[in-house]
Amino acid sequence: MPDWLPGFLSTSLLVSPSYATANAIWNVVMSACIGMMQTTPQGFSAIAWNYVQTELYPWALSIGVMSMDLFIMMGFFKAVGNFKENMTLELMIEALIKVVILNVLLVSGLRIIGTIFQMASAMAGTAVMIDSPSFFTGDIDMGSRIFFWVFGLFYFIVAIVCAFLILLTLYGRYIKLYILVVTFPLAMPTLTGGRGIESTAYAWVKSFLSNTFEIVIIALVIAIAGRIMTGVTIFTAENVILEHFDGFAQALNSMIYMILMAVSVKGASTFLNKTFNL
């Protein structure tokens, strides 16, 4: 039995049916999100990963290997045609080093990508501390009952939209990671194409790092936002009379917290790209 179910049956239904339903759905969705954060693309969908690994990746790899010679020739002719920088021994050595690096990447690409996936999932699991964030302080008084009976429907809508927005963001990340794995052999051969063309490979690396380690930023957002929620005491009244109604402000703060978390999770990718220039 889930930890939140006894409280749902004994307490939440007494506060408001809208609050009880929103609370249950939020707990279920956030528990699923916490589990997804610690799961690599290999473990998230074994069927999808097997399809990518055994069918799509070999197909893309064959195209990448065939295009490698084309990009090497393009890089050579581009260097020869550049009268400002004649073809020198240094350029030949640089081109040879790129060819060696490219061969290593094409041979060990899936192994390297899988290792990076595991690193990101481990970092996310450590950051979130495997705590499923709850959105209510637990101070059920007259104020909170008034809030949920008056704004219960709106509260329910906010909880559902925010929870599934976070869930869809995580789902979308896995789809992008599968596509990035497939496009890896297609982007890497441009590394030998010379200046301008090799930027395609660098762009793939930036996109891969951004989408892979986005989960770490999302985990940090959830962990920090959850602790902000539990640490807010500004809405707790010390007056004997007012303390029976401070639950209204706490419930309002809880709704703001849900919106803030959903917006922050949605903007995690943009934050990561701007912070590390990806």
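Tyr171 is partly exposed, with a relative accessible area of 40%. Here buried means under 20% relative accessible area, exposed means over 50%, and partly exposed is in between (1.4 Å probe, protein chains only). Tyr171 sits in helix H6. Helices in this text are DSSP runs (H or I, at least four residues), strands are E runs of at least two, and both are numbered from the N terminus. Tyr171 and Met36 lie 135 residues apart in sequence, yet their C-alpha atoms are 8.6 Å apart in space.

Phe156 also belongs to helix H6. Phe156 is partly exposed, at 23% relative accessible area.

Residues are numbered from 1 along each chain as its sequence is written, and side-chain values use heavy atoms, with hydrogens and water left out.

Now the overall layout. The protein has nine helices and zero strands. Read from the N terminus, the elements run α-α-α-α-α-α-α-α-α. Of its 278 residues, 42% count as buried.

How confident is the predictor, and where? The pLDDT score gives the predictor's confidence in each residue, from 0 to 100. The average for the protein is 77, and 73% of the residues score at least 70. Among the elements, helix H1 (residues 5–15) has the lowest mean pLDDT, 50. Helix H3 (residues 41–44) has the highest, 89. Where pLDDT is low, the predicted coordinates should not be read in detail.

Next comes the interior. A nonpolar core is a set of buried Ala, Val, Leu, Ile, Met, Phe, Trp, Tyr and Cys residues joined through side-chain atoms within 4.5 Å. The largest one here has 60 residues. Those with the most contacts inside it are Trp26, Met37, Ile166, Trp204, Ile222, Met258 and Met261. Several helices each supply at least two residues of this core, including H2 (17–37), H4 (46–80), H5 (89–128) and H6 (142–187). Helices H7 (199–231), H8 (246–266) and H9 (268–276) are also among them. Which helix gives the most to this core? Helix H6 does, with 16 residues.

Aromatic rings are the next topic. Rings of Phe, Tyr and Trp (its six-membered ring) pair if their centres lie within 6.5 Å; planes under 30 degrees apart count as stacked, over 60 as edge-to-face and the rest as tilted. The whole structure holds seven aromatic pairs. One of them joins Trp49 and Tyr178, with ring centres 6.5 Å apart and planes at 45°, so this pair is tilted. Trp49 is in helix H4 and Tyr178 in helix H6, so the pair links distant parts of the chain, 129 residues apart. Trp49 counts as buried because its relative accessibility is 10%. Tyr178 counts as buried at 10% too.

Phe184 and Trp204 make another tilted pair, 5.0 Å from centre to centre and 55° between the planes. Phe184 lies in helix H6 and Trp204 in helix H7, so the pair ties together parts that are 20 residues apart in sequence. Both Phe184 and Trp204 are buried. Trp49, Phe117, Tyr178, Phe184, Trp204 and Phe208 form one aromatic cluster.

Charges come next. Side chains of opposite charge can pair when their charged atoms come close. A salt bridge is a side-chain nitrogen of Lys or Arg within 4 Å of a carboxyl oxygen of Asp or Glu. By this rule the count is one. Lys98 forms a salt bridge with Glu198, and their closest N and O atoms are 2.5 Å apart. Lys98 lies in helix H5 and Glu198 in the loop between H6 and H7, so the pair ties together parts that are 100 residues apart in sequence. Lys98 is buried, with a relative accessible area of 15%. Glu198 is buried as well, at 11%.

Last, the surface. Trp59, Ile63, Met66 and Leu186 make a nonpolar surface patch of about 410 Å². Such patches are made of residues with over 30% relative accessible area and no salt bridge; nonpolar side chains (Val, Leu, Ile, Met, Phe, Trp, Tyr) are joined within 5 Å, and like charges within 9 Å. Accessible areas come from the Shrake-Rupley method with a 1.4 Å probe, and for residues only the protein chains shown count as cover. Helix H4 gives the most to the nonpolar patch, with three residues. Leu186 is found in helix H6. Leu186 counts as partly exposed because its relative accessibility is 33%.

Terms used
Predicted model: local features only at pLDDT ≥ 70, side-chain atom pairs only at ≥ 80, totals over all residues.
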